[in-house]
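Here are my notes on the model you sent, as numbered points. Please read them alongside the sequence and the coordinates.

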Amino acid sequence: MSSNVLVSYWVHEPRHLYDQAASKVLSQPLVVPSGTHENDPQVRVLVQACAQQSQQQGVRKPYKEVIDVFQGDLHGAGMKPLTFVRQVLAACVYPPLINSNNLPLDVRQRAQEELGRCVGGSVGSYSAVAGIPEIVHSISEFIKRRDGGIPSHPENIYISPGSQWSISNILNVLVNREASPRTGVLIPVPCYNITVLSITQLGAVTVPYYLSEEQGWALQVEELQRALESAKGVCNPVALYVINPGNPAGYVQSQKSVQEVIRFAWEKRLFLLADELYQDCVYGENCEFVSYKRTLSEMGPPFSGTVELASFHSVSKGFLGECGLRAGYVELVNLDPAVMKHIHTLFSKDTCAPVLGQIALDLMSNPPKPGDPSYPLYKQEIEHIRAVLVHNVKRVHEVINSLPGFSCPPIEGGLFAFPRLNLTPKAIQKAKELGLQPDTFYCTRLLEEGGVFTGPGWEYGQKEGTYHIRFCIAAPQDVMEELLRRLSSFHMTFMKDFS
Amino acid sequence: MSQQAVNGVAHRGRVLTLDSMNPNVKRVEYAVRGPIVQRAVQIEKELKEGVKKPFTEVIKANIGDAHAMGQKPITFFRQVLALCSYPALLEDSKFPEDAKKRAQRILEACGGHSIGAYSTSQGIECIRQDVARYIEKRDGGIPSNPDNIYLSTGASDAIVTILKLLVCGEGRDRTGVMISIPQYPLYSAALADLGAVQINYYLDEDNCWSLNITELRRALNAAREHCNPRVLCIINPGNPTGQVQSRQCIEDVIQFAKEEHLFLMADEVYQDNVYAEGCQFHSFKKVLFEMGPEYSNTVEMASFHSTSKCYMGECGFRGGYVEVINLDPEVKAQLIKLVSVRLCPPVPGQALLDLVVNPPQPDEPSYATFMKERTAVLSALAEKARLTEQIFNTVPGITCNPVQGAMYTFPRITLPQKAIDKAKELGLVPDMFYCMRLLEEDGICLVPGSGFGQREGTYHFRMTILPPTDKLKVVLQKIREFHLRFTQEFS
C-alpha cells in the first residue's frame, strides 16, 4: 500500500452518513478516518449502539428528513440553479432545442455560439488542453473587468474539473517528494480540508498559521512569521495558501491584509496559492473582495513582476452553485515559462475539463446583460440568492449568539458559519470516553437527534482546546429557519444534559 | 502589466524553477497532445489568418475523439441529459416518455434534484447499482457489487487513482508497473508522475500484436533486478494496436498474474469496438470468475470503462468507472480518501454513464431509433477499420495489422536510411520527422509511434479511423501519396 495516502478527516460522505442516522438499520460500518485522535472500532461501536437503541425502543426520529449542510452545496441545500444557465446547457446538449420557440432568443443564440466553439459542433468532443480557447479568452476578459482593467493573459489560464484539480496540479509541480527536508505549504487554521488532503497526499507537510478568532478571523503577518519559523528544521516551506473569502471561517480580507500577505510572500520567497472561490459571496458592510492578482499588480515593482501567484475560481459557489458540473480555473502569474511548459503537459494528460462545465464557466464570466431577453429573470434570480444569503448570515449570527455556550462573529463572506462551541467538561469527558473529538461528538449527536448534518471543527483545524462546527448558510430561508430551530432545540438539550 | 511582467522577469530567482520543481513532473510526456498537435493548432491559426497552404484544413487524426470527426451523438442520451439539465422540459411533449422517466429517476437521486449538486465521491448510488447490473448482464450473471464500483472523471482519472494506491517503496523496492509496448501514453505519463518504475513488455507485431506470456515473464524477471513489480496493465481491445485478446490469452494472463502475485489493471474502454470476424470481447472479470474460486477469490483486479469511446463517443462528458475485485477492505477505505480529493465525478457524466448501462429496452419507444443509431456507428467503424487495413497494405513501405477493435491503426513504416539521418540532424525522432512532414505538406495530424513505444529500429504512426468514410478515403490516399513521395525524396 502506498504510504502517502494518509489523512485523518471526517470522510467526504454526506449521503452515507445521513442515511445511517435517518434509518433504523445500520447498513455498513461508518468509514472512519484513521486519525490521530480517533479510534476506528470505537466510533463504529457508538454508531451501532445508537442504531440498536433506536431499533429496540422503536424510537422514531423527531424529523422526517436530514438537513444536509455539511458541504458548500447550494443546490443540495435546496437553492435553485440559474434558469439562463440551465436553458443554455440544455440547448447545447440537445441542439434541436435551438429551434424551439419555448426558449428565449438569447438562450438559443448563446447555445449556438457555444456549440460553434466545440469541435465538431458537439459538447461530446474533447476540448483543447487548457479549455475551449474562446472560453479561456472569455475568462481572461472577466478577470480583466473584475480587476479594473489589469490585463489577464489567456495563456496563463487553465480550466480543470473543479478548482481542486488545478490546486492539485499546481501543488504537484511545487512538491518535490524526493527532497529532504520535505516540501512545506503554509495553510490557515481553520482551513478547507480537501486542500489539506491534496497537500498531504502529495507527500508535502502542512505548516499551519492560526487566524485570529478574536479579531474576526483576521490574518496576522506576525503569525505568518511565527509559522514560518516553526518550520525551520522541519520542512522546506515553498508556498503560502490563502483562502479569501474564507472557508470555513467567514472573513473577507481587507486590501491592506492582502497587501501584507503579498509583501510577506515576496520577502520570504513563497509561492502564493490564492483560493478565491467565494469572491461572489460578500455580505459584510464595508467589505469588498479585492483579488490577489489586482492587488499584486497595483503594488507595482518589485512585487508585481516577481511574486509567483496562482489564483483559483470555479462555478461551484457564488450564484451558479454548479458543484456537480466540475469546472474551475487557475490563473498563473509570474511563472517561469519553462515551468509553464511542464504545467501544460501535466494538464494535457488529464485530456480536458467537462465541456458542460466549461460552458457554465463562460456563462458565469459573461452573463446576460441589460437589454437581453433573459436579463430580467437572471437579475431577479441573482438578487433573490443574494437576499437569501444576506438574510441567512444575519439570522445565523442572531440565533447562535443568543444561545449559551455558542458564539459566532459576523459572517462577512463565504458560504459557511463556523461558530464556536463552549463545551462543558462533562461533554468533553463523554467524548473522550467514546474516543471522539468533542466537536465530532457534538456533530454526531446533532445528526442523530437533531437531523442536521454539519462538520466538526477539528476537521478544518482550530486552536487546541477550542471547538467549532461548520455548516453551509446557503439554503432557502424556510430550510434555514428549520435548521436554526432544530439546532437551538438540540443545543439547549445538549448543554443541559452535560451541565 | 505587460506580457513579460505577467510572466515575470527573473532578476531575483523564482521560487518555482526547473531545478526546484517536482522532478517527476519534468519526466511526464503525453504524445497524443504533444508537440505535433501543438504545431497542428498553430497551422490551423495560420489557415484562419489566410496563410496559403497546400490544404484548406488540418485533419486531426491524432486523438480518439469521434464527435470531433463528425460522429453524431445518440439522440436518446442527449434528450435525457437535456431534461436533466433543464427539468422544465419535462413538460415538453416533444420528448419521449422513456427519456422523461430516465431523467426523473436520475434527478431524484441528485441532491436538491439538481445535476449541479455534489454527489458522493464514489458516485451516485443508484447509478452504481445500474453499472453493477450492466456488468452482471454482460458477464453472464457473475455478481457485481455496487460497493466495488467507483465512478470517475473519465477512465483516465480512475486509472491514475488506482496507480496512486499501488505505487510505493523506495529504491529497489519501488513499485514496478508492467505496461504493453506500444501503449496508450497516459500510463507512461502517470508512471513518470508517480515516480513508479515502468516495465515494458512487447506485443508481437508479427502476430497481430498478440500478447506472449513468455515475453511477460522475460520482462518481469528482468525487472525484479531493480524494482518491485506489483502491477500488470492490459488494454483490451488495444490502444494503439487494436488487437482483441482471445479468451485463452486472457486466461493465460490471469494465470500469470496469480503465479507472480501481480495486481491486474484491465483497461476495457473499447469493449464495444470489436470488428474483426472471429474476435470477441471477453471481460477480464468474466474470465477470472469462470476460472473458478482459486482465481476469483484471490486475484486482485481493477477493470475500467468510460463513456468516451464505443458507440457513444462522448469524450467531453468525462464519464467513467472502475470496478475493483478482491481489494482489501482497508485499502478500499484508503481509495475513498483518494477519490474524495476530487470531491465527486461530473454529474452529467455520471448521468450519461447511467444511460449507457441502462439503454432503451425493446419495449420502450426510443428503442428502435437507439438501435439504429448504435448499429450505424459501429458498422461504420467496422467498415473504416477494414478499409484502412486494406489501403495501407497496398502501399509499399507500409504494413498494417488488421484493426480488430478500438479506434486506431498503428501501421509500421519503413523509412529510408537517408530520412533517418536527416531526422537525426534535425534532432528529431525519425517517425516524428515523418509525421511533421505529413502535417506540413498535407495537413494531416497523426501521432508518431515513438509516442506510444515500439521496438528499437522500428517506426510507426497512430491514426484514428474516425473521419467519415469519404474523408477517410481521401486521408488514406493522401498518406499513400505522401509516403511514396517521402520514400522517393530520401532514396
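1. Confidence. This is a predicted model, and chain B has a mean pLDDT of 95, with 98% of its residues at 70 or more. The exception to note is residues 1-6 of chain B, where pLDDT stays under 50. The model still has 19 contacts beyond four places in sequence for that stretch. Where pLDDT is low, the predicted coordinates should not be read in detail. For the model, ipTM is 0.95 and pTM is 0.93.

2. The interface. Chain B places 91 residues in contact with 100 residues of chain A. About 8,000 Å² is buried between chain B and chain A, and carbon and sulfur atoms give 57% of that area. How many salt bridges does the rule find across the interface of chain B and chain A? There are two. B:D193 forms a salt bridge with A:K349, with the closest N and O atoms 3.8 Å apart; the cut-off is 4 Å.

3. The sheet in chain B. Seven strands of chain B make up an open sheet with mixed pairing, in the order β2-β8-β7-β6-β5-β3-β4. Its edges are β2 (149-153) and β4 (197-202) of chain B, each of which pairs on one side only. On average, neighbouring strands of this sheet are turned by 25° against each other, direction ignored. Helix α8 (residues 186-194) of chain B packs on the sheet and touches β3 (175-181), β4, β5 and β6 of chain B. The direction of this helix makes about 160° with that of β3(B).

4. One strand pair in detail. Strands β5 (residues 228-235) and β6 (residues 263-267) of chain B run parallel and are joined by five bridges. B:I235 has B:D267 in β6(B) as its bridge partner.

5. Salt bridges within chain A. Over all chains, the count by this rule comes to 51 salt bridges. A:D362 forms one of them with A:R117, the closest N and O atoms being 3.2 Å apart. A:D362 lies in helix α13 (residues 355-365) of chain A and A:R117 in helix α4 (residues 105-117) of chain A, so the pair ties together parts that are 245 residues apart in sequence. Is A:D362 buried or exposed? A:D362 is buried, with a relative accessible area of 1%. In the A:R486 and A:E482 salt bridge, the closest N and O atoms are 2.9 Å apart. These two residues are four apart in helix α17 (residues 477-497) of chain A, so about one helical turn separates A:R486 from A:E482. A:R486 counts as buried at 11% relative accessibility, while A:E482 is partly exposed at 26%.

6. A distant pair in chain B. B:E364 forms a salt bridge with B:R102, with the closest N and O atoms 3.1 Å apart. The pair links distant parts of the chain, 262 residues apart: B:E364 is in the loop between α14 (347-357) and α15 (367-392) of chain B, and B:R102 is in helix α5 (residues 97-108) of chain B. B:E364 is buried at 14% relative accessible area, and B:R102 is buried at 10%.

7. A:R226. This residue sits in helix α8 (residues 221-230) of chain A. A:R226 counts as partly exposed because its relative accessibility is 37%. Beyond four places in sequence, A:R226 touches A:P208, A:Y209 and A:Y210. The C-alpha atoms of A:R226 and A:P208 are separated by 9.8 Å, and the two residues are 18 apart along the chain.

Key. Residues numbered from 1 in each chain as written. Chains lettered and ligands numbered in written order. Predicted model: local features only at pLDDT ≥ 70, side-chain atom pairs only at ≥ 80, totals over all residues. Heavy atoms only, no water. Pairing = 2+ DSSP bridges. Axes fitted to C-alpha atoms, helices over the stretch in contact; angles between N-to-C directions. Contact = heavy atoms within 4.5 Å. Buried < 20%, exposed > 50% of the residue type's maximum accessible area, 1.4 Å probe, protein only. pLDDT = per-residue confidence, 0-100. Buried area = accessible area lost by both parts, 1.4 Å probe. Salt bridge = Lys/Arg side-chain N within 4 Å of Asp/Glu carboxyl O.
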